[in-house]
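Dear colleague,

I am passing the structure below on to you, together with some notes on what turned up when I went through it. Please read them with the coordinates open beside you.

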Amino acid sequence: MKKSKYERKFRNGARAAAALLLLTVMVIVCGSKAQAAGRPVAIHCQIAGGNVNCTLTAGSVPSSDDGKYYIFADEVFQDGPTGRIVASVDAGSSVTAVFPLNYNTAESNLSCKFIAAVKRGGQMIQVSDERYITNPEANAPYTTGRMTRGIKGILPEVSAINSGELKDLGIQQVVYNMYLNEICAAPGEEGTLPFDYNGQTYYFSNGRITHYDQMVKGFNAQGMQVTMVLLNGEASAGSQDLIHPNARGAQCPSYALNVAEAGGVNHLKAVCAFLGQRYSGKTGNGQIDNWILGNEVNARTSWWYMDSANLDVNVSAYVKAFRIFYNELKAMNANIWVYNSIDQEWGRKSNPGSFLAKDYLDQFNYYMNREGNVDWSLSYHPYNSPLYDPYAWNGPAVWVKQGLSTPYITMQNIDILINYMHQPQFLNPAGQVRSISLAEIGYTSYFGTENQEASVAYGYLKAASLPDVDAFMLFRFKDDAHEMESKLNLGITNLDGSHKPAYNIYKNLGTANAGAAKARASEIIGMDIDQMISQNIIWTRGGDGVVQ
């Protein structure tokens, strides 16, 4: 594929300077927690056998009363030297403290954050930043081969498994939602599955878990890779402690997870361990290869609700939940990929209660680097703007621009996101670009089925041309009556189950019949679609983008 001017820009000598400037600005604006960075001792913690090895290095060994470093294991809601002392070691310029992982015990260190402290004047003084274990997969009993088939995905109707329509479409991936308030049960409830973890017993709804078992196995049986989105809906009897204290009492689709209280934190650990084990592909319940924590979490008032409008407060809470989610899942199945989730509102908020996707991503990445870089992945939703705009190949010039200041990142200018993730500070621990999943994207047929046909073809082919994109998840299989009230006729089948023309064009894409699909899309667009994509030809139109 021809390199865009933005990709070339990130490959020149200015890239390193830009990255340094970005990190410097972030340290300034992140508040007191960010300013605490740069303590004299660096700490790195990894699993080795049944132990945790924390290596401490210092250019200048800090003074102390007794010449020792003390390692504290803090829960995510604790700060400073307030958790458990798990080890001490003679202070030096390069030393290693070793202590038990204590996996699946009341004193498990798997999802703790570790700090080094020294005793000075009889008080414990923190001398390192916080660090999490960065290789939880070293503990995993399962290393299950991933069901990678290709990027063609969809949010399905479960009925389409038995009807054969998903197989007919050539679907290679599916994405689905799982709600904690549905799967978690309270002690004493009828029809529960007990799960013992970290010295406590937790309960899950046998009915809902069996539903997911059957569904996931059905997808797998047809060769489909499964991505599951974990959401925290309105509290049930079994999930009350999972809602963040600063999110209680509101009405919204999904709430911030409780990383502020011991009960909620311990429950979340157990949920993740349970799901990681059950859907490892080794227990007879199906295989889930990809997990996404939350949906468009920068949309604070909708999908990761907290009553704070402070970016750092919200991102910090999400990062804490993400660390638990990542470590507990990866400690069960080493080969899963774990994603965050942001929307397409890169530089403009349509809702004042949201955060900009770019700001959220930057702050998330800052914390992940500061507290121990791991192989997290990015879920992005590059919808058109407005959402009901029918032209994936010809967006409004006012909203779709070719630069980092663009209000929105859609499929037209998705290369901006891709190149942004190529920056050194965004690379994974192996120095590679992270997996990018376009886990939700849809095109309306409200303004004509031809526009939907061409948009589906453009979106898929653009995604397929980008090596860093691992999934293109079309939203959705069937129209939703509520969404249709907002002109969002996003399904490729109608409410009555009949197929729209977009069904057939999506079916042919990525197959031996792709030529016919491309010819049809090119006819609608008025230009050869392969040329448009390979040469990165961007059309935009004037006005405010409102389609009458």
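With which residue does Asp 129 form a salt bridge, and how far apart are the closest N and O atoms? Bear in mind that this is a predicted model. The partner of Asp 129 is Arg 370, with 3.7 Å between the closest N and O atoms. Because Asp 129 belongs to the loop between S7 and S8 while Arg 370 belongs to helix H10 (residues 357-370), the pair ties together parts that are 241 residues apart in sequence. Both Asp 129 and Arg 370 are buried, and salt bridges with shared partners bring Arg 39, Asp 129, Glu 130, Arg 370 and Glu 371 together in one network.

Glu 130, a member of that network, sits in the loop between strand S7 (123-126) and strand S8 (131-132). Glu 130 has a relative accessible area of 10% and is therefore buried, the cut-off being under 20%. Beyond its neighbours within four places in sequence, Glu 130 is in contact with Lys 113, Phe 114, Ile 115, Arg 370 and Glu 371.

Lys 269 and Glu 75 are both buried. Lys 500 forms a salt bridge with Asp 479, where the closest N and O atoms are 2.9 Å apart. Here Lys 500 lies in the loop between helix H13 (481-484) and helix H14 (501-508), and Asp 479 in the loop between strand S20 (469-474) and H13, the two being 21 residues apart; Lys 500 and Asp 479 are likewise buried.

Turning to the cysteines, a search of the whole structure finds 1 disulfide, which joins Cys 45 to Cys 54 with an S to S distance of 2.2 Å. The link of Cys 45 and Cys 54 is right-handed, with 110° about the S-S bond. Cys 45 is buried at 2% relative accessibility, and Cys 54 is buried at 0%. Cys 252, by contrast, is in no disulfide, the nearest cysteine sulfur being that of Cys 184, 17 Å away.

Strand S1 (residues 41-48) pairs with S2 in the antiparallel sense over 8 bridges, with Gln 46 having Asn 53 of S2 as its bridge partner. S1 and S2 form a hairpin with 2 residues between them, and Gly 49 in the turn has a positive phi of about 65°.

Finally, helix H9 (residues 311-330) has 20 residues and reaches 27 Å from its first C-alpha to its last, close to the 28 Å expected at 1.5 Å a residue. Because 18 of the 20 residues of H9 are buried, the helix is largely enclosed by the rest of the structure. Asn 310 caps the N-terminal end of H9, a side-chain oxygen lying 2.9 Å from the backbone nitrogen of Asp 312.

With best regards

How values were computed:
Residues are numbered from 1 along each chain as its sequence is written. This is a predicted model: local features need pLDDT of at least 70, side-chain atom pairs count only at pLDDT 80 or more; totals for chains, interfaces and linings use all residues. Side-chain values use heavy atoms; hydrogens and water are left out. Helices (H or I, at least four residues) and strands (E, at least two) are DSSP runs, numbered from the N terminus. The expected span of a helix is 1.5 Å times one less than its number of residues. Buried means under 20% relative accessible area, exposed over 50%, partly exposed in between (1.4 Å probe, protein chains only). A polar contact is a pair of N or O atoms within 3.5 Å; within protein, one must be able to donate a hydrogen and the other to accept it, and residues adjacent in sequence count only if both atoms are side-chain atoms. Contact means heavy atoms within 4.5 Å. A disulfide is a pair of cysteine sulfur atoms within 2.5 Å. Two strands pair if DSSP finds at least two bridges between them. A salt bridge is a side-chain nitrogen of Lys or Arg within 4 Å of a carboxyl oxygen of Asp or Glu.
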